[in-house]
Amino acid sequence: MDLSILLVLVQDGIVNGAIYGLLALALVIVFTVTRIIWVPIGEFVSFGALTLAMLEAGQMPGTVALTALLGLGAAAARLWAARARLTPAGVARCLLTALLPAGLAALLAWACLAWGAPQPLRILAALAIVTPMAPFLYDTLYRPMAGASVLVLLIASVALHLALQGLGLIFFGAEGSRTESLADSLLEIGPLLVTGQSLIILAVTLVLIAALALFFGHTLLGKALRATAVNRLGARLVAIPPALCGHVAFTLAGGIAALGGILISATTTLYYDTGFLIALKGFVAAVIGGLASYPLAALGALLIGLVESFAAFNASAFKEVLVFMIIIPVLLWRSWRMPAALDEGEE
Amino acid sequence: MPHRLLLPLLAALALLPLLPGFPPFWVTLLCYAGLAALVALGLVVLTGVAGLTSFGQAIFVGFGAYASAILTTRHGVSPWAALPAALLAAGVMAALIGALTLRLRGHYLAIATIAWNVSFYYLAANLDLTQRNDGISGIPPLRLGETALTEARAFYPLVLLCLGLALLATRNLLDSRVGRAIRALRGGALAAESFGVDTYRAKLLAFIYAGLLAGLSGWLYAHLQRAVNPSPFSLTMSIDYLLMAVAGGVQHLGGALLGALLVTLLRDQLQSLLPALLGAQGNFESIVFGLALVMLLQGAPQGLWPLLMRPFARWNGPRAAATPPPAAAPLPQRARPAPGTEILRAEDLQKRFGGLVAVNGVGFHLEAGEVVGLIGPNGAGKSTTFNLLTGVLAPTRGAVRFLGTPIAGLPARRIATLGIARSFQHVKLVHGMSVLENVALGAHLRGRAGALRAALRLDRAEEARLLALAWAQIERVGLAAVAHLPADSLALGQQRLVEIARALCLDPVLLLLDEPAAGLRHLEKAALSCLLDRLRAEGMTILLVEHDMDFVMSLTDRLVVMNFGAELAQGRPREIQRNPAVIDAYLGSAA
């Protein structure tokens, strides 16, 4: 292995690690705020990328209809949950918050297809189509069982993953797609060739992390989310509505996942079920961070990206095995560092 | 758990293929449902009872199947002789994975098993040992004498036999000393540790048991299918097994059976029906399944089995009144120290939580046969002191000697073996377990029977002695009439008495009671006072935290008073009542 290959592998590792890091971030946000281990995040990666690919190909993606349908479902679920104290304004708000995003998504998709649009606009449309699904799913599926144990919520997540993956196959077919790169330029720094897309991925990741840090550190809503993450009951007692926190967490996570898929689909071919595998690596990163620490999760993601790219070069058949076995030393380390955890009560 | 319906259900399943015109393909489906039910049964123990989630059961099915496939095709081992090897492979793998993960919180196991399963799949698909993606074919069938069990119809009785035995073994296991320890894992881990249960071992046991059942299923699969490749051992299959258990009812043995049948049969039907109905190809059944499962979780989070069993509730008879278990020889008791000898000495105990010093320099001693009260205003550090003495917390500084052994910093279960039993300020009883079973948990250290003896029902003599002991203690605290009820259905005061009975089962030298009289009515308090008096007469040493001053003053020989984590005074009740510092602490000093 010479220096140039080494540098290419490191570059690949960092770029993929950035995506895993974004997913780990999203998973940690959702888990700490809602106790939901959000397995279907992988479908959002696929949906984001493949929706964009269909818009590029000039076709109407099936996700538009799904978003509209879920919007209706979310509106119904919200009205049902609030049935005892409905006011005309409340009904209007329920309908508007659910139907407006869905309508906007459909409009954007239609506009992109009708008039043709530059790539950034198509990306915006894909995000607008896929992101609202996350809070809609929260409304229709998770909120009716908000009091359930972590296990039940996890199994519901797995069930949802199955359903969404099945839908993904119907919407996008079994063939994979790649999307247009945002920047085709190649940058030459000494022996290193840096693609424009990888620079964009890194820049977007860093900007997102900085924005999230600002959001959680300096806005009232961000602080409310943090409070909920630390103590759910305590947050409710000081009038932080859990549903609002859930909506924000899911919207953030859905958007981050879809964006991750869109970014990476310019460097590799994505299939309807690739997202799940990508998300699993995000999970491993989140576990490295103990499902709680953002910086540790980000470091873990970087480690996974690097191990993956070197394993792909040296032992490609065992790439996935090596990546997922990173979890062994992490678990060992955690077992030794922490006293035996006595799970008290139903988690 | 209503087990009575399991036998007729199994019988019905056995007779089903004998119906005239029963399609042979359905017998094959029933075989596969049976194999899945074995795995789901393991998940009932692991997930439903012990509260641990595994997304990796297909790994153990795979280990069982590949072990048998490799041994029979390459080493000429007979399929029957390969069974122990298959079980060993699955069991050892479960022990390894469990040892790595089970010290951590529950959801780590869920996520770690996902990672393990993905790795296992890619390993099997890329190793020469497992013949990569092609897999191993030409596996010999099982033979009974001259007949080879190649047809599903011939194989099916074997599946049912395995399933029946597994159900029996699982029921036996859960209804035993070890079973109570496993059942206590969900929400009662701390209490179980305080009575000598090694909860890590109990978790490991549940995980290995589930792995063994999965290994058995894998062995059967290898010789039914007679070819193995990586795909039936993927993460998707692991998820399927969990879906079956949860849909059927993850806390019920019957739930595993029902869920496996339902999912296997429905999936097959939907796979052929849906594409025809919708006129398109695609895996629609996973969409329908996913949505159906979410709806089920919303509507019936306990699964279908308890829902189906509701109309049959009468079959299990009206709840029988509490009947004492048959008499059995009493268990040996430990030697008691002579009255008046010092049994415990705590010196300079300190506990810090970050910047907060909860207990600061507390020291006292206890003599055999005395009742000592530990009193003080709320937040004085009394319960923390209890936790330091019983090993729930390790002291930051200081020493405790019990019967000459230094115990500061030892784990709770080690201290329990020495003869210290306790009750908790916030009652810690295992939900869903009866009063009798909860109390019998306290006798954990007085039995020896392990999982194997329990599964084979060789533990009955010992079990009878444990239950007789538990019953005797329940009678002692006056709860015999409610011994059969779920412990969490009792009033709070009664639950405290259950905790005392449980503590007495340990045959303790020293009994620590944390607010035993809170929530008791007047007459109940008088009865408790009598009981503690009797225990003292029998030579028991008691240290109690209590806020009811009449109760404390009339009962105790000596008092230790704490305030703000520090020791305020020690002495006889009369002296303490006149001590100005104590009066200040309780009533506030006149400004």
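The following questions and answers concern chain B of a predicted model and the contact of chain B with chain A.

Trainee: How many helices and strands does chain B have?
Mentor: The C-alpha atoms of chain B fill a box of roughly 90 × 50 × 50 Å along the principal axes. Within chain B, the count is 23 helices and 14 strands.

Trainee: What percentage of the residues of chain B count as buried?
Mentor: A residue is buried if 20 or more other C-beta atoms lie within 10 Å of its own. Chain B has 591 residues, and the share that counts as buried is 51%.

Trainee: Which residues touch the most other members of the largest nonpolar core?
Mentor: The largest nonpolar core holds 315 residues. Those that touch the most other members are A:Ala26, A:Ala253 and B:Ala40.

Trainee: Which element gives the largest share of the side of chain B that touches chain A?
Mentor: The contact takes 45 residues from chain A and 42 residues from chain B. Among the elements giving two or more residues on the chain B side are α4 (79–101), α5 (106–126) and α9 (199–225). The largest share is 13 residues, and the element that gives it is α5(B).

Trainee: How many nonpolar residues has the side of chain B that touches chain A?
Mentor: By class, this side of chain B has 3 charged and 14 polar residues. The nonpolar residues there number 25.

Note on methods:
Residues are numbered from 1 along each chain as its sequence is written. Chains are lettered from A and ligands numbered from 1 in the order in which they are written. This is a predicted model: local features need pLDDT of at least 70, side-chain atom pairs count only at pLDDT 80 or more; totals for chains, interfaces and linings use all residues. A nonpolar core is a set of buried Ala, Val, Leu, Ile, Met, Phe, Trp, Tyr and Cys residues joined through C-beta atoms within 7 Å. A residue is buried if 20 or more other C-beta atoms lie within 10 Å of its own, exposed if 12 or fewer, and partly exposed in between; C-beta atoms are placed from the backbone. Helices (H or I, at least four residues) and strands (E, at least two) are DSSP runs, numbered from the N terminus. Two residues are in contact if their C-beta atoms, placed from the backbone, lie within 7 Å. Ala, Val, Leu, Ile, Met, Phe, Trp, Tyr, Cys and Pro count as nonpolar, Asp, Glu, Lys and Arg as charged, and the others, Gly among them, as polar.
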